[in-house]
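Subject: Handover of a structure and notes on its contents

Dear colleague,

Please find below the structure that I am handing over to you.

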Amino acid sequence: MPNTRFTPEDRAFLQKALELAAAGCGYVSPNPMVGAVVVKDGEIVGTGYHRQFGGDHAEVEALREAGHLARGAALYCNLEPCSHFGKTPPCVNRISDSGIIRVVIGTLDPNPLVNGRGVKMLRENGIEIETGLLEEACYELNENFFKFIATRLPFVTLKVAQSLDGKIADANGYSRWISNEGARKLVHHWRWQNDAILIGIGTALVDDPQLTVREEPGPQPRRIIVDTNLRLPLAANVLNDEHVIKTIVAIGEDCREREKIAEIENRGGRVWPIRNSAAGSLDLRHLMERLGQEGLASVFVEGGRRIFSSLLEARLADRLKCFIAPKLLGGGIPAFQGLLIGSIEEAMTLTKMSWEIIGDNALLSGKIQYPDRGEPS
């Protein structure tokens, strides 16, 4: 049965709140993206969005713009207003004091400090509350936040650029350029939308990437190199530019390259000892836990095959973005290798998929579904 509680106008106003919320992408993490719209007599009288971490929340901005017109008006927001003191006072207090008489909310806030308390407090103040409008779209906008707040692990996206036969590099390990220019520009867009970019040492040694945002304006993410034995050269780009303070090198806990560690840290980079897995490589779950402790809610993984495969094996990857180029490389390096999958029934699959044509490349995106317990949590 369709939900008949909401009018077409309700949907339009909440859609506007969603569009406003998206403007905070890349600037508010680990907070969620939130937009708010104040409506009086069918007209928008105030709008706002959460612009940066620690700044005013969307509801406060919208109410400030609405001023005295907020009395008797409705407020639309994609996420439940906060009910606790954080870096700013609770939004529910401001809403209650403003004279708002109705609040339409897309999704409840999973943060245990909120999670229904905001709705309860507003109702206790005599405000009409409606929830669940455009709920799926509201959830998808903040999927990074929803995973992070529930698990304290970052939402992990794998970015793969491969040939038609599934190769990410030729037989000599050379990978520039499998994807096209349009795809590479899109990658820069995704970089600033994430808190961190992660690659393995193999990719770092072969490509010596900068891992920066250059094609468009946006915040520079952290740069993480998974390097068990600290093979990263001191001449590497990530250790010699103005963003070196954003570089983190994750090494094995038994790595003894003390002079090299000291030099990296002297330049402003950070070196994190991470416990080893049973196989002798880094324990990627431990690394993700450490990133979560740093408040990094999203990680964009750009290679290589060992990292891709290990994250899938550990069930730490959440989304795949795969560029497919119209090339056959034959005996090149596969995107994934060593996954312990015994049958089609045990296959990892994608859900909520989308296809897009980027020049002569195809882009496949989807959430990763594991065979025996659904989507990663």
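The following notes describe helix packing, one glutamate and the cysteines.

Please bear in mind throughout that this is a predicted model.

Helix packing

Two packed helices are described by the angle between their axes and the distance between the axes. Both pairs below are presented in that way.

The first topic is the pair H2 and H3. These helices pack at an angle of about 25 degrees, and their axes are 9 Å apart. Angles under 35 degrees count as roughly parallel, so H2 is roughly parallel to H3. The crossing in which H2 passes H3 is left-handed. On the H2 side, Glu 59, Val 60, Leu 63 and Arg 64 take part, and they meet Cys 91, Arg 94, Ile 95 and Ser 98 in H3.

The next pair is H3, which covers residues 91-98, and H4, which covers residues 117-124. Their packing angle is about 25 degrees, with 10 Å between the axes. H3 and H4 are therefore roughly parallel to each other. Here H3 passes H4 in a right-handed crossing. H3 contributes Val 92, Asn 93, Ile 95 and Ser 96 to the contact, while H4 contributes Gly 118, Met 121 and Leu 122.

Glu 61

Where is Glu 61 placed? Glu 61 belongs to helix H2, which is made up of residues 58-66. Is this residue buried or exposed? Its relative accessible area is 14%, and buried means under 20%, so Glu 61 is buried. A polar atom of the Glu 61 side chain lies 3.2 Å from the backbone nitrogen of Tyr 49. Leaving aside residues up to four places away in sequence, Glu 61 touches Thr 47, Gly 48, Tyr 49, Arg 51 and Asp 56.

Cysteines

How many disulfides are there? The count comes to zero. Cys 25 is in no disulfide, and the nearest cysteine sulfur, which belongs to Cys 138, is 15 Å away. With a relative accessible area of 14%, Cys 25 is buried. Cys 322 also counts as buried, because its relative accessibility is 6%.

Yours sincerely,
A colleague

Key: Residues are numbered from 1 along each chain as its sequence is written. This is a predicted model: local features need pLDDT of at least 70, side-chain atom pairs count only at pLDDT 80 or more; totals for chains, interfaces and linings use all residues. Side-chain values use heavy atoms; hydrogens and water are left out. Helices (H or I, at least four residues) and strands (E, at least two) are DSSP runs, numbered from the N terminus. Buried means under 20% relative accessible area, exposed over 50%, partly exposed in between (1.4 Å probe, protein chains only). A polar contact is a pair of N or O atoms within 3.5 Å; within protein, one must be able to donate a hydrogen and the other to accept it, and residues adjacent in sequence count only if both atoms are side-chain atoms. Contact means heavy atoms within 4.5 Å. A disulfide is a pair of cysteine sulfur atoms within 2.5 Å. Axes are lines fitted to C-alpha atoms, for helices over the stretch in contact, and angles run from 0 to 180 degrees between N-to-C directions. Angles under 35 degrees count as roughly parallel, over 145 as roughly antiparallel, 65 to 115 as roughly perpendicular and the rest as oblique. A crossing is left-handed if the near helix is turned anticlockwise from the far one by less than a right angle, and right-handed if clockwise.
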